[in-house]
Amino acid sequence: LSKKIKYGYNESIFVKGGIYVLTGLSDSAYVYYKKAYDLALKNKFKPIEARCLNGFGMINWNKGNFDEALSYFFKALNTNENLPKKKKINSSLFYNNIGLIYSEKKFYEKALTYFKVAYKLQLEDNLVKGQGMSLNNLGLCYMNLNKYNLAIDTFEKGKKITKKTNNITM
């Protein structure tokens with residue numbers, strides 16, 4: 001089979017895992033992510049490998065295994081960062097997920113660091129819809145750190161972006 005067909009097949013298995021994550025069927029998601037991950041390793045499809053690692057992180061996050069989730073998100077970030085620029089996924093996805101886990105663990109200062117990087121990357125790549133979510137995450141951290149004025153300003157900025165992009169179903 002051609003490399004494009006193999007990549008498409010691998011991608012479809014990964015997507016099926018993602019559907020199971022969204023529907024809350026973690027065990028099924030794991031089966032498909034594992035299959036996609038193994039194929040990605042075999043065929044050296046690093047972008048899919050990174051996304052599968054992120055998927056494993058999502059499964060663990062949903063189960064409350066925050067340290068395990070963090071480990072997968074960092075592996076996904078590292079895998080992605082070692083790709084040539086044209087094959088990279090925007091790393092804001094991984095930085096945002098890392099920030100969310102630190103936020104879940106109530107390490108708000110640490111979470112801020114990752115959310116700020118995610119937001120910066122979204123600005124650089126003009127990922128406007130993601131910017132609203134990042135600003136919301138930043139605002140929540142500021143609020144939990146009792147930096148209320150900063151939280152309000154950040155929420156207001158995020159609100160403008162989400163209205164502009166019609167991304168109000170976060």
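Reply: Happy to! Please keep in mind that this is a predicted model. Let's start from Asn144, which counts as partly exposed because its relative accessibility is 38%. Asn144 sits in helix α7, and its side chain reaches the backbone oxygen of Leu140 at 2.9 Å. For a sense of distance, take Asp27: Asn144 lies 117 residues from Asp27 in sequence, and their C-alpha atoms are 33 Å apart in space.

Now to the neighbouring helix in our close look. Helix α7 covers residues 128-144 and packs with helix α6, residues 108-124, at an angle of about 160 degrees, the two axes being 9 Å apart. An angle over 145 degrees counts as roughly antiparallel, so that is how α6 runs relative to α7. Their crossing is left-handed. Asn144 is one of the α7 residues that make the contact, along with others including Ser134, Leu138 and Tyr142, while α6 contributes residues including Tyr108, Phe115, Tyr119 and Gln122.

Gln122 deserves a look of its own. This residue belongs to helix α6, and it counts as buried because its relative accessibility is 6%. The Gln122 side chain makes a polar contact with the side chain of Ser134, at 2.7 Å. Setting aside neighbours within four places in sequence, Gln122 is in contact with Ser92, Leu127, Gly130, Gln131 and Ser134.

Terms used. Residues numbered from 1 in each chain as written. Predicted model: local features only at pLDDT ≥ 70, side-chain atom pairs only at ≥ 80, totals over all residues. Heavy atoms only, no water. Axes fitted to C-alpha atoms, helices over the stretch in contact; angles between N-to-C directions. Helix = DSSP H or I, 4+ residues; strand = E, 2+ residues; numbered from the N terminus. Parallel < 35°, antiparallel > 145°, perpendicular 65-115°, else oblique. Left-handed = near helix turned anticlockwise from the far one by under 90°. Contact = heavy atoms within 4.5 Å. Buried < 20%, exposed > 50% of the residue type's maximum accessible area, 1.4 Å probe, protein only. Polar contact = N/O pair within 3.5 Å; in protein donor to acceptor, adjacent residues only side chain to side chain.
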